[in-house]
Amino acid sequence: MAASENDTGSPPQADTEMDWDASVDFPALPPVQSGSMQSQFSTRDDPYLENRMTKKDRKTMIELYLRECYRYSVFIAPSNLVAKLDDPNPKKRPHPCLFSAMMLVARDMTTRLTLEAAPDEHTAQRSSFFMPESTPSVDELIARVQAQCTQSLADVDRLLDYIQASLLLAHWYITHGRVLEGQYTSAVVNRFIINCQLHQIDQRKMRELAPGTIPSQDGASLWDGSLLGRPKDREELAIRISVFWESYFLDKIIRMITGAPPTYDETDVCRITTAFPRTRDEYVSGTAFELPYASIDSLFDSRLFPSQFQDSLGTLEMKALTLLDRAMRFVVRPPSYPDEVISLQENIKKLKSATKQLFSSPAYTRPPINRSRALFVTTSKAVTGLLGLTAEIHATHIKASDGSYMLFDDEDAAIKSRVDAAHACATVIAIALDEVKAMSASLPPDAGPLGIEQTCFTIGLLLTVPAGVLIESLGQMDATIERESVGCMRRMQLEQEKRDDELQLKIMLDAINAFRDDCPIVENYWQIVQQCPIS
């Protein structure tokens, strides 16, 4: 990538007015996979694969999904999901489309991850994990999800399951580089989510399910008139909130990958008032209703005092993603009021502090109960940290209409802040790599390798931003070094800084390359970023 003479990593504003960090064109989209088999079965034939797979095999795959679904941004799944699949009344089970989508995700996990051995039912020993041979192929599972989702809509049957299945399918498409299919599937289900008003689960609606709330005498509810109606209990409320933020996360990631306008654009039509997600236990116990209401609006409301309550992990991730999304928009369309940019900067600082506080708490510092939990914590720390730092990098590009930087006195200050944030990204991924390496030491001899690519592909995508910053910085540094006399103190200092930057860049590039080998979407995006010239 070529750098301008006076800027390091500045976004191209000509023609497209598109920030190279924030969003890039897809001049050559990855080819659409043509392997999707035509449905050769009725949507009502063996919907839960009971005639094809044993009860044990189905349970094994669904339990794997429950352990690893956080990689698909699923924060909360039904607590009794496995038991529900065996309910004698099929209508009380998850809809077949959701079952098939969970099987698709579980199959993906078995082929891409070094899975922790499962306990043997008859002995105390742990046996190696193998995907059941009776598991349907990827193409068949995709065909099942698509046909069964159509059936769910046609029957107006278990629509929340339809939403979850569609999001899992969209996420699968994106992970595997099938961007057009993923973007289309995501856009369709996101519009349906808006129709279901899942983007506006505000404090008043939540209060109807709080412990001790007395129902209205006339039976009226703020949920009346919505497609899904009132949640039957607090766990379903938790799942609905989680599902919305799952769709929000994927919508913003697709925006980052393609540069296409997101569904959730914060206009009046799509104003988001849904509370940031808390844990399932907090909703079920009623604790979540005692906490101050927190949403995107409150995140940027300077009149509110900081909450004394600790954010949940899901809340931190969504706050970080929201800050990144706002920074990306401000680069392309600067806000009318400087206070908006200052508020963004202050919220990035608060996020850093809250993240440090959360991961210093006993829940995250005590030894994990298993490797799956350890990998979850490592993944969450890295994703949240990189989202916040990537937002910080984008904020260094924000300029007023007259071309002046809105957060810095001059260009040199903006560049220094940008490079410092890129260094911090290298530290985040170095810590994650060390933690994954420590987990690898405990693997049995017959286990496959455990690497950073087994965390979450979002990490690979986000790392392309600070890596690009350091590549540009090193290019500028080379030119500066050549202007200095050989052997002078200034030149030696610059050469040492260059070696340090090269080491940090290598850490990030090694991680990116690991994701490129495992996740086609990271490979596609990295190629695009490298080809995008900086002018």
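**Close-up views of a predicted model**

**View 1. Arg71 and its surroundings.** A polar atom of the Arg71 side chain lies 2.9 Å from the backbone oxygen of Thr455, in a model that is predicted rather than determined by experiment. Arg71 belongs to the loop that runs between helix H1 (55–68) and helix H2 (81–84), and it counts as buried because its relative accessibility is 8%, which falls under the 20% limit. Leaving aside residues up to four places away in sequence, Arg71 touches Met109, Leu113, His171 and Leu375, and also Gln454, Thr455 and Cys456.

**View 2. The packing of helix H15 against helix H16.** Helix H15 (residues 411–440) and helix H16 (residues 457–483) have axes 9 Å apart and pack at an angle of about 135°, so the two helices are oblique to each other. The crossing of H15 and H16 is left-handed. On the H15 side the contact is made by Arg418, Val419, Ala422, His423, Cys425 and Ile429, while H16 contributes Ile459, Leu463, Pro466, Val469, Leu470 and Ser473. Sorted by class, the residues of this contact between H15 and H16 comprise nine nonpolar, two polar and one charged.

View 3. H5 passes H6 in a left-handed crossing. Among the residues that make the contact are Leu159, Tyr162, Ile163 and Tyr173 of H5, together with Val179, Glu181, Gln183, Phe192 and Ile193 of H6. By class, the contact of H5 with H6 has 13 nonpolar, six polar and one charged residues. In the loop between helix H4 (138–155) and H5 lies Arg158, a residue with a positive phi of about 50° although it is not a glycine. In the loop between H6 and helix H7 (203–207) lies Gln197, whose phi is near 65°, likewise a positive value in a residue other than glycine. Gln197 counts as partly exposed because its relative accessibility is 27%.

**View 4. Ile348 within helix H12.** Ile348 lies in helix H12 (residues 338–359) and counts as buried, because its relative accessibility is 5%. Ile348 and Ala391 are 43 residues apart in sequence, yet their C-alpha atoms are 7.6 Å apart in space. Ala391 is also among the residues that Ile348 touches, the others being Leu323, Gly388 and Glu392, when residues up to four places away in sequence are not counted.

**View 5. The chain as the setting for these close-ups.** The protein chain contains 18 helices and two strands, and 55% of its 535 residues count as buried. Among contacts between residues at least 6 apart in sequence, 76% join residues that are at least 24 apart. The pair formed by Ile348 and Ala391, 43 residues apart in sequence, is one example of residues that touch across such a separation.

How values were computed. Residues numbered from 1 in each chain as written. Predicted model: local features only at pLDDT ≥ 70, side-chain atom pairs only at ≥ 80, totals over all residues. Heavy atoms only, no water. Helix = DSSP H or I, 4+ residues; strand = E, 2+ residues; numbered from the N terminus. Buried < 20%, exposed > 50% of the residue type's maximum accessible area, 1.4 Å probe, protein only. Polar contact = N/O pair within 3.5 Å; in protein donor to acceptor, adjacent residues only side chain to side chain. Contact = heavy atoms within 4.5 Å. Axes fitted to C-alpha atoms, helices over the stretch in contact; angles between N-to-C directions. Parallel < 35°, antiparallel > 145°, perpendicular 65-115°, else oblique. Left-handed = near helix turned anticlockwise from the far one by under 90°. Nonpolar A, V, L, I, M, F, W, Y, C, P; charged D, E, K, R; others polar.
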